[in-house]
Amino acid sequence: MTQMRLVVVGASGRMGRVLVRAISEAPDLVLAGAVDQPGSEFLGRDAGELAGLPPLGVTLSDDPLTLFAAADGVIDFTIPAASVAYAAFAAQARIVHVIGTTGFSAEEEARIAAAARHAALVRSGNMSLGVNLLAALVRRVARTLDEGFDIEIVEMHHNRKIDAPSGTALLLGEAAAQGRGVTLEENGVFTRHGTTGPRRSGDIGFATLRGGTVVGEHNVIFAGAGERIELAHKAEDRGVFARGALAAARWARGRKPGLYSMTDVLGLTDF
């Protein structure tokens, strides 16, 4: 099979530069385009140079649709509003769209789902292969243990992160809720302050920490009477997210249109 031609959107950002480096190192992939927002100071700059590489001959552009039309897929770690627009362009071009963006509203979720009627979209709150395996384990443990074990999710990220809880924490919370046969909307507890009273049986609690340069740490605690099970994942560099996203792009190539997750990519649907 020929090399898969990928466009990186948000190419001047931290994840964008990591993705450019990861694609340049993969023999089966080629950087077909790099996109940044209109008015960006980086437009016209070589994507390779921005990523700390020799020039790649691919300059940052603010014309995504033209680049998408000549590509096989797009990798997107941007912001919700941008990802929704890119999803529509990917649907128009009928190419793979891998979305690592988090923090979507219900309306934005619906627009992403609509775009997936025309293109293969892989979306996850975390593209790390390890995190998605962790989610499968959380689902399985939650299904195995009864409500005598309380579920708490603790996450920490760098001080520049703008959404809370993290998309990964929500991904893990959804996995726990699925395992218990409940909904996170009804059972999630996201704030505790003042006199809260005893913990309600069946709650799925969240604690959010922010500080420093932490890439991402997540800990899922199953606390029972006299014993505690903890499942954890620590990301040490953003390369783990890039590698997962590229694995998702490879998997989605040639798939029929639809909205997929990393559970599909890893074959963990029935775990």
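**Briefing: strands, domains, pockets and a cavity**

In this predicted model, strand β4, made of residues 73-76, and strand β5, made of residues 96-99, run parallel and are joined by four bridges. Within this pairing, Ile75 stands opposite Val98 in β5. The two strands belong to an open sheet of seven strands, in which the pairing is parallel and the order is β3-β2-β1-β4-β5-β6-β12.

**Annotated domains**
- An unreviewed UniProt entry lists residues 4-127 under the annotation "domain: Dihydrodipicolinate reductase N-terminal", and over this range the chain is 37% helix and 22% strand, with its end C-alpha atoms 19 Å apart.
- The UniProt annotation "domain: Dihydrodipicolinate reductase C-terminal", also from an unreviewed entry, covers residues 130-266, where the chain is 38% helix and 28% strand and the end C-alpha atoms are 10 Å apart.

**The largest pocket**
- The largest pocket holds about 1,200 Å³ of space, and of the 41 residues that line it, Arg14, Met15, Phe77, Thr78 and Ile79 lie nearest its centre.
- Because domain 1 (4-123 + 238-266) and domain 2 (129-235) both give residues to its lining, the largest pocket lies between them.
- At least two lining residues of the largest pocket come from each of the helices α1 (14-25), α4 (80-93) and α7 (167-180), and the largest share, four residues, is supplied by α4.
- Sorted by class, the lining of the largest pocket consists of 15 nonpolar, 18 polar and eight charged residues.

**The second largest pocket**
- The second largest pocket has a volume of about 740 Å³, and among the 31 residues lining it, Glu109, Arg123, Leu170, Leu171 and Glu174 are the closest to its centre.
- Domain 1 (4-123 + 238-266) and domain 2 (129-235) each contribute at least three residues to the lining of the second largest pocket.
- By class, the lining of the second largest pocket divides into 13 nonpolar, 12 polar and six charged residues.

**The cavity**
- A search of the whole structure finds one cavity of 30 Å³ or more, and the volume of the largest cavity is about 30 Å³.
- The residues that line the largest cavity are Asn126, Val131, His157, Gly216, His218, His233, Ala235 and Phe241, and the elements giving two or more residues to this lining are β10 (216-224) and β11 (227-235).
- In the lining of the largest cavity, three residues are nonpolar and five are polar, with no charged residues.

Conventions. Residues numbered from 1 in each chain as written. Predicted model: local features only at pLDDT ≥ 70, side-chain atom pairs only at ≥ 80, totals over all residues. Heavy atoms only, no water. UniProt positions renumbered as here; feature names shortened; annotations may be inferred. 1 Å grid on protein atoms, 1.4 Å probe; cavity = no way out; pocket = protein on both sides within 12 Å on 5 of 7 lines; lining within 4 Å. Points joined across faces, edges and corners; volume = space filled by probe spheres on them. Nonpolar A, V, L, I, M, F, W, Y, C, P; charged D, E, K, R; others polar. Domains from an automatic or database assignment. Pairing = 2+ DSSP bridges.
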